[in-house]
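Today I am opening my notebook on a new model. I will jot down what I look up as I go.

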Amino acid sequence: MKAIFQEKYGSSDVLQFRTVEKPTVKDDEVLVRVSAAGVDRGVWHLMTGKPYVARLVFGIFAPKNPIPGMDVAGRVEAVGKKVTRFQAGDDVFGTCEGSFAEYACAKEDKLCPKPARLSFAQAAAVPISACTALTAVRDIAKIEPGHRVLILGASGGVGTYCVQLAKAFGGLVTGVCSRSKQDLVLALGADCVIDYSRHDLSQFRNSYDVILDIGGNRSLTTLRRLLAIDGTLVIIGGEGGESWFGMGRQLQALLLSPFTRHKLRSCISLASKEELQAVAELIEAGKLTPAIDKMYPLEEAPAAIRYLECGQARGKVVIAVVGGLVA
Ligand SMILES: NC(=O)c1ccc[n+]([C@@H]2O[C@H](COP(=O)([O-])OP(=O)(O)OC[C@H]3O[C@@H](n4cnc5c(N)ncnc54)[C@H](OP(=O)(O)O)[C@@H]3O)[C@@H](O)[C@H]2O)c1
């Protein structure tokens, strides 16, 4: 089969378009014929091996799994002996290791039926970003009607889902993004937008019940000034160029939170079956729709990652696998 292959960590130049062995399905796995794969910051972390601490999981000197890509949508080709929820021919979406390929194996509990409302390309843009947004909005921030919500990084992969979910849970949403993406954030339902390059956020002191921090890497002190007295800060990402640990602010928040009325939290989503199912229901109810910016063919995956890396993406970037199903 055709796949993107990486033998070492580095820039997008390490990604090669190659012919490799088709994976063999294990007992608890589902073999998916990939139609589309989502591109997110996690793929960038895996490609570069940064922050370095992540190599303890990914592989110290080179990636243990040389095929990148986690978000997947496609059709079940075969199932392992222990799989009970799926059969050949089912259309699915979820996460796996190595979705930048014509075929990929996924654990049964990392997949759900594809929402009928979405194309395969749209479905591939959902799993990690939307599940992260759901965890932040519903489980950690516990957004309720009337909460004043500030979303930093509202125009990106996770942010575009956060905006829609915060609105769906009744929040009054202010999205922070660059000027060129304001129209997108407003179209997704934000009540207002702030262009961070033109407006100084410090004028909004004590103004927000919830801050979802996805982009910008602002200091904890800066963010806490914007929070209401008993407000909640959820740090989702935006760790910037920190090469070694990449979670300095999350650690600070954990240590400081017991000593302040502010609730300072960080967010990690595992894109579980339950989260995928909840996201699929919100999609079917018309409350959530992926915002897709660009699609690239599999062989142009390096260009897709460069596009994400330079910060231009409006919402999600998707890899379409040539010969995959498109409907
Ligand atoms: N915790 C988890 O489980 C989890 C899961 C997924 C991702 N993440 C992390 O979340 C972060 C974002 O991921 P993503 O997929 O949404 O990335 P993305 O698509 O690149 O979006 C990041 C957004 O941040 C915006 N931004 C840049 N500088 C900003 C600033 N100073 N103020 C406000 N916004 C700014 C950019 O848009 P503008 O051009 O509008 O500025 C960009 O759209 C990454 O650090 C990623 O590692 C965490």
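**Helix 1.** I started with what the buried residues of helix 1 pack against: strand 1 (2–6), strand 2 (15–19), strand 3 (29–39), helix 2 (55–58) and helix 10 (301–309). I kept in mind that this is a predicted model. How many of the eight residues of helix 1 are buried? I found seven, so to speak a mostly covered helix, running over residues 41–48. The buried ones are Gly-42, Val-43, Trp-44, His-45, Leu-46, Met-47 and Thr-48.

**Helix 9.** Next I looked up helix 9, residues 273–284. Which residues of helix 9 are buried? My list reads Glu-275, Leu-276, Ala-278, Val-279, Ala-280, Leu-282 and Ile-283. Their cover includes strand 5 (91–95), strand 7 (111–113), helix 4 (127–140) and helix 5 (157–168). Helix 9 is followed by Gly-286, and I wrote down a positive phi there too, near 80°.

**Cysteines.** Then I went looking for disulfides and counted zero. Cys-177 is in no disulfide either, with the nearest cysteine sulfur, that of Cys-192, 11 Å away. Are these cysteines buried or exposed? Cys-105 has 12% relative accessibility and therefore counts as buried. Cys-177 has 2%, so I put it down as buried as well.

**The whole chain.** Last, I stepped back to the overall picture. The chain has 10 helices and 15 strands. For 327 residues, a compact globule would have a radius of gyration near 20 Å; I noted 19 Å for this chain, so it agrees with the globule value. Along the principal axes, the C-alpha atoms fill a box of roughly 55 × 45 × 35 Å. I also noted that 54% of the 327 residues count as buried. Among contacts with a separation of 6 or more, 68% come from residues 24 or more positions apart. The accessible surface is about 14300 Å², and carbon and sulfur atoms hold 54% of that surface.

Note on methods:
Residues are numbered from 1 along each chain as its sequence is written. This is a predicted model: local features need pLDDT of at least 70, side-chain atom pairs count only at pLDDT 80 or more; totals for chains, interfaces and linings use all residues. Side-chain values use heavy atoms; hydrogens and water are left out. A disulfide is a pair of cysteine sulfur atoms within 2.5 Å. Buried means under 20% relative accessible area, exposed over 50%, partly exposed in between (1.4 Å probe, protein chains only). Helices (H or I, at least four residues) and strands (E, at least two) are DSSP runs, numbered from the N terminus. The expected span of a helix is 1.5 Å times one less than its number of residues. Contact means heavy atoms within 4.5 Å. The radius of gyration is taken over C-alpha atoms; the globule rule is 2.2 Å times the number of residues to the power 0.38. Accessible areas come from the Shrake-Rupley method with a 1.4 Å probe; for residues, only the protein chains shown count as cover.
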